[in-house]
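This briefing goes through a protein–DNA model, topic by topic, for a reader who wants the cut-offs stated alongside the values. Please keep the sequence and the coordinates at hand while reading.

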2 protein chains.
Amino acid sequence: MELKEAKEQFIMSWGALGSNWGVSKTMAQVHALLMVSNAPLSADEVMEQLNISRGNANMNLRALIDWGLVEKIHKLGERREFFQAEKDMWKIATRIASERRKRELQPILKVVDQMKEIEDKQADKAELDAFKKQMTELENFTGRVDRIFDRLDRADERWFTGLLTKIMKR
Amino acid sequence: MELKEAKEQFIMSWGALGSNWGVSKTMAQVHALLMVSNAPLSADEVMEQLNISRGNANMNLRALIDWGLVEKIHKLGERREFFQAEKDMWKIATRIASERRKRELQPILKVVDQMKEIEDKQADKAELDAFKKQMTELENFTGRVDRIFDRLDRADERWFTGLLTKIMKR
DNA sequence: CAGAACTTTCAAAAAATATTGAAAGATTAG
DNA sequence: CTAATCTTTCAATATTTTTTGAAAGTTCTG
């Protein structure tokens, strides 16, 4: 396989994977394209290479910037903006972890927290207790995982690697 | 808030959250409904409580069974099937982890693995190396996370809790 | 085996999401 | 200030995903 071909293949596959993990195909493709480009690309280059419209390119580039996976670059003497993907895997991973924490874990905690204020004199005691117990367990578990992600976000790669070694030894 | 009301609220919220983490609203609702039901429910009860069609109920119940989050129950003397959700948070968590590993991590490994067979005499040497390096890093990182999930899947809760304590101490 | 009681399938319809492209908004240069 | 160049917005459109419901399939009962 040739390099150019490999890059294209990677972009397409990365896009297809996106949908498995809740990201739109195009957003994943834009990310992949920037990941395998040696130089920052302009919006027009992204549009052209992926065959998408200007609006679409703009929207997804912006979303990637929100995720912290892409940044705007200004070249001096150049009017337009360029976009560059973060290439360091550790940073990519922590950005994704952080975003998923915000989107997936914290909303659960919020919902479960509200469930605690039940006051029902009518209800069957055992049933009420069962419900409360379940909510508490859900909260505990989610809270624990949330704290791991938080820790991860603030740690550095060496910490993580060390941790892994420990985990794998057992 | 009353118990019944709380349960409904939980079901609705859980459903809304589902879309944040790549599961359809209805599937998440069915799961929530079964989680907060003290007794197993029949397909008809699920249909009725969530106002969904028979086909939809069937589909989502099946998907939940695939995920290992719900199981069929046969009551003796009863013709129809009942459905019961796993309520143990540890089991719920490992099932979800295992499923996501399969859907999110392993496909990445597969794609990246294919990228290794590049043979391009034409291409710029530095560019080729950069691409290969990136693919390797992606593979290493994903592989590591994949192994954690695998480990998690086979471990028990006490192991996990112990691990957490260690993580949090640092 | 026939009929009743359920469950599963799947093509069509509906709903939710993503994309387009033209117009409006910025920003810089002259 | 005006024109030129580039970015952002958003209503209309297209695509994808989910849901429906009726028909086909299955399994049990008598």
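A residue is taken to be near a molecule or strand if one of its heavy atoms lies within 4 Å of it. By that criterion 18 residues are around DNA strand C, and those that come nearest are Thr26(A), Ser53(A), Arg79(A), Asn58(B) and Arg62(B). This is a predicted model, in which local features need pLDDT of at least 70 and side-chain atom pairs count only at pLDDT 80 or more, while totals for chains, interfaces and linings use all residues. Residues are numbered from 1 along each chain as its sequence is written, chains are lettered from A and ligands numbered from 1 in the order in which they are written, and side-chain values use heavy atoms, with hydrogens and water left out.

**DNA strand C**

- Sugar and phosphate account for 67% of the atoms of DNA strand C that come within 4 Å of the protein.
- Among the polar contacts (pairs of N or O atoms within 3.5 Å; within protein, one must be able to donate a hydrogen and the other to accept it, and residues adjacent in sequence count only if both atoms are side-chain atoms), an N or O atom in the side chain of Asn58(B) is 2.3 Å from a phosphate oxygen of DNA strand C.
- The surface near DNA strand C is made up of 2 nonpolar, 9 polar and 7 charged residues, where Ala, Val, Leu, Ile, Met, Phe, Trp, Tyr, Cys and Pro count as nonpolar, Asp, Glu, Lys and Arg as charged, and the others, Gly among them, as polar.

**DNA strand D**

- DNA strand D is surrounded by 18 residues, of which Asn58(A), Arg62(A), Thr26(B), Ser53(B) and Arg79(B) are the closest, and sugar and phosphate make up 65% of the atoms of DNA strand D that come within 4 Å of the protein.
- Phosphate oxygens of DNA strand D are approached by a polar backbone atom of Ser53(B), at 2.8 Å, and by a polar side-chain atom of Asn56(B), at 2.9 Å.
- A base oxygen of DNA strand D lies 3.0 Å from a polar side-chain atom of Arg79(A).
- Helix α4 (54-67) of chain A and helix α4 (54-67) of chain B each supply at least two residues of the surface near DNA strand D; helices (H or I, at least four residues) and strands (E, at least two) are DSSP runs, numbered from the N terminus.

**Relation of the two chains**

- Chain A can be laid on chain B with an RMSD of 0.1 Å by a turn of 180° and a shift of 0.0 Å along the axis, the superposition being by least squares on the C-alpha atoms of residues with pLDDT of at least 70 in both copies.
- The two copies are therefore related as by a two-fold rotation axis.
- Within chain A, Gly22(A) comes closest to the rotation axis, at 2.5 Å (C-alpha).

- Ser37(A), in the loop between α2 (25-35) and β1 (41-42) of chain A, counts as buried at 11% relative accessibility, where buried means under 20% relative accessible area, exposed over 50% and partly exposed in between (1.4 Å probe, protein chains only).
- The side chain of Ser37(A) reaches the backbone oxygen of Leu33(A) at 2.7 Å.
- Thr142(B), placed in helix α6 (residues 125-154) of chain B, is buried with a relative accessible area of 5%.
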